[in-house]
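User: Hi! Could you walk me through this one? I'd like to go piece by piece.
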Amino acid sequence: MEKQHTIKKSVSISGTGLHTGQSGTLTFHPAEINHGIKFRRVDLFGKPIVEALVKNVVDTSRGTTIAQNGVKVYTVEHIMAALRASNIDNVLIDLNCEEPPILDGSSRIVFDALKEAGYEEQDAERKCLKITKKIVYTHPKVGCELVVEPADKFSIDVKVDYKSGVLNVQEAHMTDISEFEKEFAMCRTFVFFQELEMLLAHNLIKGGDLSNAIVFIEKQVSEEDLKRVANLFHKESIAVHEGGILNNVTLYFENEPARHKLLDLIGDLTLLGMPIIGKVTAYKPGHFSNTEFVKLIVKKMGVAM
Ligand SMILES: [Zn+2]
């Protein structure tokens, strides 16, 4: 039998939100038994709480956004993944703006901060959801499929397919959550070069500075295009690496994008409100499908929310 866990002491992290460009601080506080994972908007009157549960998901267009009584917290998935991988059940997360800092585009900084704070075992049994039947979610338009089957422990297999010359079929596998720290925590988000200007035009990625994302370049890009994007991000110059990625970063793993998709899926699954015990297989996962999959699990397994 596993026990519930919180952290030993409070810990803070500051940085800039990817889409809003707001600078903000996240502070993780220890919380009591059965508290769960909750955000608290300390910049707003009355310090409203937003529970990190799938029923509160309101938008999945560029990340997973949750809201309760109209109060939003954007892009929670990398934090949720770090909490799950740290086996933390109970934590209160203060945030002084709408969007948590993107940091390096991965879960590493949050994971390390929680580890530094220390894990505290609590005197209550951890509630887990043991999957008892196969559950399948498909999204025919996207061509994605997410499956969970009964198994003795939590594992994930992910396959992505972008039909792109620089990023096509990739797989990532996690057989135990203990692999997260060394194999997945540092895997960063990614974007296609052609999306960058569109995102900027839509007033998104205001906090992107080309150091917190892998940028894939599919087609030939002219010097002018590179210069223009460099200007938008206030860089002197940018160039294309071999393998079709921008020279802003070097890959940690050849399949870092698939590993990041696995990280995102762990984060979204954590919105179930308790760890899953079962084998998850995902083909072309994304935040919309991930959160719909979690809602389906809630329904099929009769989870009280
Ligand atoms: Zn992500």
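**Strands, helices and a lysine**

Analyst: Happy to! Keep in mind that this is a predicted model. Strands β2 and β3 make a hairpin with six residues between them, and G21 in the turn has a positive phi of about 75°.

User: Nice. How many bridges join β2 to β3, and do they run parallel or antiparallel?

Analyst: Six bridges join them, and the two strands, residues 11-16 and 23-30, run antiparallel.

User: Switching to helices: how do α1 and α2 cross?

Analyst: The axes of α1 (residues 77-85) and α2 (residues 108-117) come within 8 Å, crossing at roughly 40°. The two helices are therefore oblique to each other. The crossing is right-handed.

User: Which residues meet there?

Analyst: From α1 you have H78, I79, A82 and A85, and they meet V110, F111 and L114 of α2. By class, that contact has six nonpolar residues, one polar and no charged ones.

User: Last one: is K182 buried or exposed, and why?

Analyst: Exposed, because K182 has 8 C-beta neighbours inside 10 Å, and the cut-off for exposed is 12 or fewer.

User: Where does K182 lie?

Analyst: In helix α3, which covers residues 180-183. The C-alpha of K182 is 27 Å from that of T65, a residue 117 positions away along the chain.

Conventions: Residues numbered from 1 in each chain as written. Predicted model: local features only at pLDDT ≥ 70, side-chain atom pairs only at ≥ 80, totals over all residues. Helix = DSSP H or I, 4+ residues; strand = E, 2+ residues; numbered from the N terminus. Buried ≥ 20, exposed ≤ 12 C-beta atoms within 10 Å, placed from the backbone. Pairing = 2+ DSSP bridges. Axes fitted to C-alpha atoms, helices over the stretch in contact; angles between N-to-C directions. Parallel < 35°, antiparallel > 145°, perpendicular 65-115°, else oblique. Left-handed = near helix turned anticlockwise from the far one by under 90°. Contact = placed C-beta atoms within 7 Å. Nonpolar A, V, L, I, M, F, W, Y, C, P; charged D, E, K, R; others polar.
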